[in-house]
Amino acid sequence: MAGNRAKVLVVDDRPDNLVALEAILQGLPIEITSVTSGDDALKHLLVNDYAVILLDARMPGMDGFETASHIKQRERTRHIPIVFLTAANYDPHLAFRGYQLGAVDYLTKPFDPWILRSKVQVFAELWKLHSEVAARAAECATLRKAVNDALELLGDPAEPAQAISAARDRLARTLGMDLGATSGRPG
């Protein structure tokens, strides 16, 4: 869970847009990774987990739509919410294309910075909650396995004396010890 700070991937081919987006998001409990191409975004997604991706729809080379398509095809990244950002006038066909690719939103510039900030904050909080639930689920699985192992060691509760003796023998074999010698009884 990387220090409890959600990571946000910001993708835009114009460095001045990246600076503006970083300024809008400044002060949120997030870690921002800014890249200038779809290729760079995909490289970062190979090694990092992100709470949300802010993706410029129109970029030279691999545009945002193609980048989103690659993101949604990968098992590891398909669940990451994508918010498309575009400087083009609102085009319902492009917005529809973005939603078809799995985007959670499609914003045209200029957009209200407070709305974008609020959306990112919500996705960061959802990521944090999801991470906490995943950690608790892992703890529960570990505890469940320990209980099952203990029950297996105890054996059939209908025959307690035999169960204890069998459990003692299994424990001795597991530990590689002669428990009979340590209890004063022959092993």
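Guide: Here is a walk through the sheet, strand by strand, and then its helices. Keep in mind that this is a predicted model, where local features need pLDDT of at least 70, side-chain atom pairs count only at pLDDT 80 or more, and totals for chains, interfaces and linings use all residues. Numbering starts from 1 along each chain as its sequence is written, and side-chain values use heavy atoms, with hydrogens and water left out.

The protein has seven helices and five strands; these are DSSP runs, helices being H or I with at least four residues and strands E with at least two, numbered from the N terminus. Read from that end, the elements go β-α-β-α-β-α-β-α-β-α-α-α.

Now the sheet: five strands make an open, parallel one, ordered β2-β1-β3-β4-β5. Pairing here takes at least two DSSP bridges between two strands. On average, neighbouring strands are turned by 20° against each other, direction ignored. (Axes are lines fitted to C-alpha atoms, for helices over the stretch in contact, and angles run from 0 to 180 degrees between N-to-C directions.)

Zoom in on β1 (residues 6–11) and β3 (residues 52–56): they run parallel, joined by four bridges. There, V11 stands opposite L55 in β3. Helix α2 (residues 38–47) packs on the sheet and touches β1, β2 and β3, its direction making about 160° with that of β1; contact means heavy atoms within 4.5 Å. As for helix α3 (residues 64–73), it lies across β3, β4 (82–86) and β5, at about 175° to β4.
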